[in-house]
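Hello,

Here is the structure we spoke about.

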Amino acid sequence: MPALFAGFIFLLCGFCFTVPKNVTVGSADVGGLTIYEAAAKARENIERELETKTLTVRGDKSVYTFGYPEIYYKDNIFSLLKHAKKGDKLTPSVIYCLHGFDEIVQGICQSERVAAVEPSAKFNISGEPFTYDGGRDGKEVVKSKLADDLRASLAGGFETVNVAYKGVNREKTPEEVKKSTEYLAGFTTYYDSSNVCRSSNIRLAANKLNGKILESGKTLSFNDIVGERTKARGFLSAKIIENGEFVEGVGGGVCQVSTTLYNCALLAGMDIAEYHPHSLAVGYVPPSRDAMVSGTSCDLKITNNSDCPVYIRGRTGNGYVTFEIYGKKGGAVYSLSSKVTETLPAPEEITDDPAKAKTGKDGLASEGYLTVVRGGYSKTVRLRKDKYLPVKHVKYVGEEEGVDENPEESAEKTEG
């Protein structure tokens, strides 16, 4: 209670204290007024003057202006009046401040920031493989200088503050982007374009794979991308291999697409997570170079083992299907080879029904190899061992010797 009473007495005395006569604060005559009246009168002049002031910050994007009451002030008028003597001409010390100073500085920095745009490559499914954008460097406000310049302007004559910037460099160069989109490998196989249904299936499957981007460490599933081979999804009936025989089935020809992609991926240095050989040898690649797909049980899966995305382009033309893969070169050159290790003679059967006659084909055992050349050193590894069944030769008792259809041509027309 005594402290509260003392405070009340001090406040009362402040209101009752009279400024000596002929005392001026700035241009205001405050003599004979209470200390609070005198302070209020002196501050009227300060505030009228402040209302005419504008603080301007000029940036490259915008011009920012601040005035009263965003700009406020602090003074020492009470201290001057408490010690004033008759006839004193007092000059107050006025310090100008900006409400939310730190937030204003941060806001200007954010508004004026120009982010660096990294160079990029747009992958195209036709024409040139990539369209490149070189990007641009950015810039940002020198925050500490902006704050210092604002304080200096408030303390001086409210001079215009010109924002200072520093550059923000791109993290990558256009050259680095181009090096991550180089041609790695291509592979082509050929087919009989007069087989309309088979050609359509090949084109449909290749188009579904065209333009795919496989991120680093990710695995591509052929079946997931191409999808179920059904008539409802646009696939037609053509020759497929089933139980060691060439028969009609929806989606015939799709295995040639998976095989072409398989070879291209190996030549690009990618990992093969899953593949399956055909039961019969096919004519569009050497043995131990095929990759059969079927339903959901047999898939081709390819893993991107590099530290950059890889880009896959697939296209078809008049009797050919081609895949190309782009990405970051790892410093190695890859090549494929295979060899036949055993021939499995085709069994023969005699028939008196000419409709059952068919040309057979020997089966074989084979091995596939990958050769890697890096830094002048070469290493060849065996990728796989396969056995392809023979196709039974059914001979009509009335046929003449030597008039059988060429086995290679027969297989070429009918494989899946």
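Phe158 is buried, with a relative accessible area of 8%. This comes from a predicted model. Phe158 sits in the loop between helix 5 (143–155) and strand 11 (161–162). Its phi is positive, about 60 degrees, although Phe158 is not a glycine.

Asn22 also has a positive phi, near 60 degrees, and is likewise a residue other than glycine. Look for Asn22 in the loop between helix 1 (2–16) and strand 1 (24–25). Is Asn22 buried or exposed? Asn22 counts as exposed, at 51% relative accessibility.

**A cis peptide bond**

The bond joining Tyr68 and Pro69 is cis, with omega at about 10 degrees. Pro69 belongs to the loop between strand 4 (63–66) and strand 5 (71–75).

**Aromatic rings**

The count of aromatic pairs comes to 9. One of them is Tyr183 with Tyr326, an edge-to-face pair. The centres are 5.7 Å apart and the planes make 75 degrees. Tyr183 lies in strand 13 (residues 182–190) and Tyr326 in strand 21 (residues 320–327), so this pair ties together parts 143 residues apart in sequence. Tyr183 is partly exposed, with a relative accessible area of 43%. Tyr326 is buried, at 7%.

Now take Tyr262 and Tyr275. Their ring centres are 5.7 Å apart and their planes stand at 35 degrees, so the pair is tilted. Tyr262 is part of helix 9 (residues 254–267), while Tyr275 is in the loop between strand 18 (271–274) and strand 19 (301–303), so the pair ties together parts 13 residues apart in sequence. Tyr262 is buried, with a relative accessible area of 3%. Tyr275 is partly exposed, at 27%.

Which residues do ring pairs link into a cluster? They are Phe123, Phe130, Tyr132, Tyr183, Tyr311 and Tyr326.

Lys178 has its charged end over the ring of Tyr132, 5.3 Å from the centre. Lys139 lies over the face of Tyr165, at 4.3 Å from the ring centre.

**Ser180 and its surroundings**

Ser180 is in the loop between helix 6 (174–179) and strand 13. Ser180 counts as buried, at 16% relative accessibility. A polar atom of the Ser180 side chain lies 2.7 Å from the backbone oxygen of Val177. What does Ser180 contact, leaving aside neighbours within four places in sequence? Its contacts are Cys308, Pro309, Tyr311, Gly327 and Lys328. Tyr311 is also one of the residues in the ring cluster.

An open sheet is formed by 3 strands in the order 15-19-18, with antiparallel pairing. Its edge strands are strand 15 (219–221) and strand 18, each pairing on one side only. On average, neighbouring strands are turned by 25 degrees against each other, direction ignored. Strands 18 and 19 run antiparallel and are joined by 3 bridges. Glu274 has Lys301, in strand 19, as its bridge partner.

Helix 9 lies across strand 15, strand 18 and strand 19. To strand 18, helix 9 runs at about 140 degrees. Helix 9 is also where Tyr262 is found.

Best wishes

Notes:
Residues numbered from 1 in each chain as written. Predicted model: local features only at pLDDT ≥ 70, side-chain atom pairs only at ≥ 80, totals over all residues. Heavy atoms only, no water. Phe/Tyr/Trp six-rings, centres within 6.5 Å; stacked < 30°, edge-to-face > 60°. Helix = DSSP H or I, 4+ residues; strand = E, 2+ residues; numbered from the N terminus. Buried < 20%, exposed > 50% of the residue type's maximum accessible area, 1.4 Å probe, protein only. Lys NZ or Arg CZ within 6 Å of the ring centre and 35° of its normal. Pairing = 2+ DSSP bridges. Axes fitted to C-alpha atoms, helices over the stretch in contact; angles between N-to-C directions. Contact = heavy atoms within 4.5 Å. Polar contact = N/O pair within 3.5 Å; in protein donor to acceptor, adjacent residues only side chain to side chain.
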